[in-house]
Amino acid sequence: MSLLAPSRSHHALVLFLWLSMLCLIWQHYHGLGKVSSGQIIKAKTALAIQPEDDQGTEGLSSIKLPADLPPRPQHPIAPTAPNGIEALLSSIAKTSEHFVNVVIHPSESNKLGDRLQILSTWLSARETLPSLMSSSQISSLDNHIERTIISLFPFTRHPTEPKNAQPFTTLRRTFQRGSSGIVIVGDKSNLRYLCHAIKNIRTVLNSSLPIQIAHAGDNAFSPSLRRFVTKLAPNIVTINISSILDSRSLELEKEDAASALRSFAALASSFEQVILIDPKTIFLQSPTSMLENHSAYKSTGALFFHDHLYGKGEFKDRHQFWQRQLKNHPHSQALRSSKVYNEGYAEEADGGVVVLDKSRTSVLLGLLHTCWQNSKRVRKDWTYKFGDGDRDSWWLGFELAGVRYSWESRYGGMIGWPGKREGKGECVCGNTNLHLDENDKPLWFSGGLVDQNDIGDG
């Protein structure tokens with residue numbers, strides 16, 4: 001019989017897990033052992049851990065660990081043993097130093113995913129083990145985490161606080177606890193559609209969800225235009241992304257950054273639960289329904305929508321790029337069931353709506369990967385070279401970071417008018433995607449309300 005109380009036994013087992021895992025990770029990154037990304041599996045599955053209390057241990061559900069862990073000890077390591085905590089911090093310190101000194105190339109989305117999976121375990125340790133650590137040890141762990149995040153994502157720094165040693169923690173504190181709202185990227189080129197989207201949400205659907213219009217500065221969205229849109233309906237504000245994130249290396253004000261703005265807008269928003277929409281998105285139900293009623297979103301905290309299936313076999317370079325990035329990564333159930341990835345269709349995602357719960361650490365890490373893919377250097381030479389803007393950077397970032405995410409249950413449909421296709425009978429003519437809720441009721445469509453005159457006969 002263990003002398004440790006059940007809750008302390010669980011902490012001790014978790015501590016042993018960290019120590020075992022980090023030793024193997026350190027061997028992997030320094031060539032001292034054969035631990036590949038393909039060996040990574042979920043911690044709960046590997047060790048059959050069933051936390052007695054899920055409060056504060058949400059991160060455990062997404063932790064990835066090497067499969068060849070040492071066997072579970074018969075007697076847990078005493079959680080008060082100072083050597084255990086010190087060994088843990090020493091291993092984290094060495095790995096963090098490696099990450100800071102060895103910079104990831106813009107083509108290496110896969111390696112960034114590996115690092116985020118390791119970083120996830122550190123953040124979970126921070127949430128799980130503080131009762132076993134001294135204040136100086138907690139401070140040391142915090143410093144390693146923040147230093148690593150700064151090296152990977154320098155844009156997380158606040159532009160007016162360049163010397164802040166904890167930008168990630170500071171950014172998370174700007175998320176208003178329990179808040180939810182809609183985020184739309186605004187600029188002078190999409191003003192017409194932006195007005196349509198606002199009126200659709202406020203006047204047609206009578207939704208009172210707060211709206212934030214994100215922009216990249218005065219040149220993209222002038223003060224007069226910002227005043228105009230905030231007067232269209234109640235509870236609308238504008239946010240300048242460049243005043244919240246360090247955008248010097250992002251070049252978000254450039255014309256090619258229209259798609260890139262979206263992920264950074266989601267990150268910069270003060271909402272915990274973000275419904276990110278394109279200005280051309282038109283809802284047929286209140287957007288609140290996705291937060292309150294969508295079981296897949298509630299399960300993972302990240303909901304994406306499929307594009308319609310087209311262009312089978314026509315985008316081989318894109319698929320080869322995805323396959324290279326995902327070669328040594330275990331595929332999630334979402335990826336294994338993908339018609340696009342497995343059958344060679346053109347695009348997986350319709351970026352018109354993305355729903356995220358940033359209060360979940362894992363979701364926030366997945367968002368950081370997506371932001372990195374949309375940073376200037378990466379998007380120019382890789383993300384947008386092989387994809388259509390940011391749309392496939394969402395699922396790919398979450399997949400590589402080992403973060404759970406959900407798709408709508410069906411691939412995108414079409415909204416338009418009846419027509420006939422030669423040899424195939426009746427069809428719907430149009431180029432506007434229609435998306436359904438979990439009860440197969442129309443939820444939203446893309447493309448806006450402006451008549452499309454460049455569409456063929458079907």
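Mentor: The model is a predicted one. The lining of its largest pocket comprises ten nonpolar, 16 polar and 14 charged residues.

Trainee: Which element gives the most residues to the lining of the largest pocket?

Mentor: Two elements each supply two or more residues to this lining, namely α9 (260–268) and β12 (425–436). With three residues, the element that gives the most is β12.

Trainee: Which elements give two or more residues to the lining of the second largest cavity?

Mentor: The lining includes Arg318, Phe321, Trp322, Trp382, Thr383, Phe386, Asp392, Ser393 and Leu396. Gln373, Gly387 and Gly389 also belong to the lining. By class, it has five nonpolar, five polar and two charged residues. The elements asked for are α12 (316–326), α16 (376–386) and α17 (391–400).

Trainee: Which residues of the largest nonpolar core touch the most other members?

Mentor: The largest nonpolar core has 81 residues. A core of 27 residues lies apart from it, with Leu191, Ile211, Leu232 and Phe305 among its members. In the largest core, the residues that touch the most other members are Phe153, Ile241, Leu267, Phe304, Leu356, Trp395 and Tyr405.

Trainee: With which residues is Ile241 in contact, leaving aside neighbours within four places in sequence?

Mentor: Ile241 is one of the residues touching the most other members of the largest core. Once neighbours within four places in sequence are set aside, its contacts are Ala214, His215, Leu252, Leu261, Phe264, Ala265 and Ala268.

Trainee: Across the protein, what percentage of contacts between residues at least 6 apart in sequence join residues at least 24 apart?

Mentor: The protein contains 17 helices and 13 strands. Of its 458 residues, 55% count as buried, that is, under 20% relative accessible area. Among contacts between residues at least 6 apart in sequence, the share joining residues at least 24 apart is 76%.

Terms used
Residues are numbered from 1 along each chain as its sequence is written. This is a predicted model: local features need pLDDT of at least 70, side-chain atom pairs count only at pLDDT 80 or more; totals for chains, interfaces and linings use all residues. Side-chain values use heavy atoms; hydrogens and water are left out. On a 1 Å grid over the protein atoms alone, a cavity is a set of points where a 1.4 Å probe fits but cannot get out, and a pocket is an open set with protein on both sides within 12 Å along at least five of seven lines; lining residues have an atom within 4 Å of a point. Helices (H or I, at least four residues) and strands (E, at least two) are DSSP runs, numbered from the N terminus. Ala, Val, Leu, Ile, Met, Phe, Trp, Tyr, Cys and Pro count as nonpolar, Asp, Glu, Lys and Arg as charged, and the others, Gly among them, as polar. A nonpolar core is a set of buried Ala, Val, Leu, Ile, Met, Phe, Trp, Tyr and Cys residues joined through side-chain atoms within 4.5 Å. Buried means under 20% relative accessible area, exposed over 50%, partly exposed in between (1.4 Å probe, protein chains only). Contact means heavy atoms within 4.5 Å.
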